[in-house]
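Please find below a colleague's note on the model under review.

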Amino acid sequence: MRQQFPNTVHELMKANDKVVLLFGDVGTYGFRHCAAEFPDRVYNVGILEQSMMSIAAGIAMQGLIPVVHTIAAFLVERAFEQIKDDFGYQKLGGNFVSIGGSYDLASWGCTHEAPSDVGLVKNIPGAEVVVPGTPAEFDHLFKQSYDNGHPTYFRLSAKSNAETHDVSFGKANVVKVGAEATIIAVGPMLDRVLEACKGLDVTVLYYTSLQPFDQETLRANFRGGRLIVCEPYYSGACAADIASALRKYPAATTYIGVPREFPHHYGNVDDIDTVFHLTAGGIRAQIEEALSPEEETYRAPSLTLR
């Protein structure tokens with residue numbers, strides 16, 4: 001996805017002279033063609049992420065379309081106030097494209113990890129969130145939405161699914177139909193989820209747009225009973241959307257994602273996936289646990305008056 005991103009931006013800069021690229025000293029080599037061809041529309045702002053976001057907002061106020069890029073921890077967490085105030089509050093359009101979400105850059109330590117990014121951006125009214133599963137899906141989704149007038153966060157992942165799906169901005173895809181449960185797979189989680197679901201009679205829905213969240217497809221394909229959500233960031237970011245979509249349906253919901261704790265483990269992204277049980281095998285075990293019948297009968301807690 002990271003290699004596709006400069007190519008996508010280069011195409012759009014040739015097609016639309018309103019596109020302006022700003023980046024924080026990340027991807028300098030990848031953007032060399034853009035910088036050479038459009039030197040007046042490409043700015044390496046350096047490691048000044050908050051200033052870069054405010055500059056982008058000023059550019060948007062002039063009727064231009066900013067594309068802002070750096071590592072997720074710096075783009076979303078460090079510059080969150082600027083996204084919220086400069087873009088969200090003022091209802092400006094812009095595109096924020098990150099790498100390193102969750103622990104894709106695990107070997108660089110906590111300062112470069114950002115599993116909270118999706119949840120943060122989803123809390124900004126009017127903001128949009130896109131989590132593609134392949135480079136081609138990113139290209140398609142970005143071109144569909146980059147000029148729609150909303151602040152839009154694109155989360156590029158180190159891992160990609162093997163197959164590209166015919167995705168549309170704001171819509172979910174029905175990948176598999178079954179009766180035992182409904183499973184939501186977000187972006188690069190799809191391959192692992194499909195591997196984990198082999199032999200299971202379940203419906204699998206594939207989400208690349210998290211805001212707007214496609215409630216209609218979820219309602220239309222929910223079989224009742226069990227819902228399992230597999231997501232590559234702090235689990236539960238879409239809980240409010242899911243609760244709203246299924247407010248008239250009884251649903252026992254299980255969230256499988258990054259646990260809300262700091263990774264204190266050395267290694268690469270695959271190593272951390274193993275620790276957090278986000279490999280195909282780990283996901284399978286969690287799905288089987290969610291689908292197993294309850295072994296204990298619920299008992300109301302006793303109440304002691306003092």
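The points below take up the domains, their interface, the salt bridges and one histidine.

1. The model is predicted, and the comments should be read accordingly. The chain is divided into domain 1, residues 4-155, and domain 2, residues 173-291. Taken over C-alpha atoms, the centres of domain 1 and domain 2 are separated by 26 Å. To the contact between them, domain 1 contributes 25 residues and domain 2 contributes 26 residues.

2. About 1,800 Å² is buried between domain 1 and domain 2, and carbon and sulfur atoms give 58% of that area. Within domain 1, the residues that lose the most area to domain 2 are Tyr-103, Lys-122 and Val-131, which together make up 38% of what that side buries.

3. Polar pairing also occurs across this interface: 13 residue pairs are in polar contact, both residues being at pLDDT 80 or more. On the side of domain 1 that touches domain 2, two or more residues each come from helix 6 (117-122), strand 5 (128-130) and helix 7 (135-145). Helix 6 gives the most, with five residues. By class, the residues of that side of domain 1 are 13 nonpolar, five polar and seven charged.

4. One salt bridge is found across the interface of domain 1 and domain 2. Lys-122 and Asp-241 meet in a salt bridge, at 2.7 Å from N to O. Lys-122 belongs to helix 6 and Asp-241 to helix 10 (residues 239-245), and the two are 119 residues apart. Both Lys-122 and Asp-241 are buried.

5. The salt bridges come to eleven in the count. In one of them, Asp-117 pairs with Arg-155, with the closest N and O atoms 2.8 Å apart. This pair links helix 6, which holds Asp-117, to strand 6 (residues 151-155), which holds Arg-155, across 38 residues. Asp-117 and Arg-155 are buried.

6. Arg-192 and Asp-273 form a further salt bridge, the closest N and O atoms being 3.3 Å apart. Arg-192 lies in helix 8 (residues 190-196) and Asp-273 in helix 11 (residues 269-275), so this pair ties together parts 81 residues apart in sequence. Arg-192 and Asp-273 are buried. Through shared partners, salt bridges join Lys-159, Arg-192, Asp-270 and Asp-273 into one network.

7. His-69 lies in strand 3 (residues 65-71). Is His-69 buried or exposed? His-69 counts as buried because its relative accessibility is 1%. The His-69 side chain reaches the backbone oxygen of Val-97 at 2.7 Å. Leaving aside neighbours within four places in sequence, the residues in contact with His-69 include Phe-5, Leu-22, Phe-31, Met-52 and Ile-99.

Methods
Residues are numbered from 1 along each chain as its sequence is written. This is a predicted model: local features need pLDDT of at least 70, side-chain atom pairs count only at pLDDT 80 or more; totals for chains, interfaces and linings use all residues. Side-chain values use heavy atoms; hydrogens and water are left out. Helices (H or I, at least four residues) and strands (E, at least two) are DSSP runs, numbered from the N terminus. Buried means under 20% relative accessible area, exposed over 50%, partly exposed in between (1.4 Å probe, protein chains only). A polar contact is a pair of N or O atoms within 3.5 Å; within protein, one must be able to donate a hydrogen and the other to accept it, and residues adjacent in sequence count only if both atoms are side-chain atoms. Contact means heavy atoms within 4.5 Å. Domain bounds come from an automatic or database domain assignment. Buried area is the accessible area (1.4 Å probe) that two parts lose on being put together, summed over both. A salt bridge is a side-chain nitrogen of Lys or Arg within 4 Å of a carboxyl oxygen of Asp or Glu. Ala, Val, Leu, Ile, Met, Phe, Trp, Tyr, Cys and Pro count as nonpolar, Asp, Glu, Lys and Arg as charged, and the others, Gly among them, as polar.
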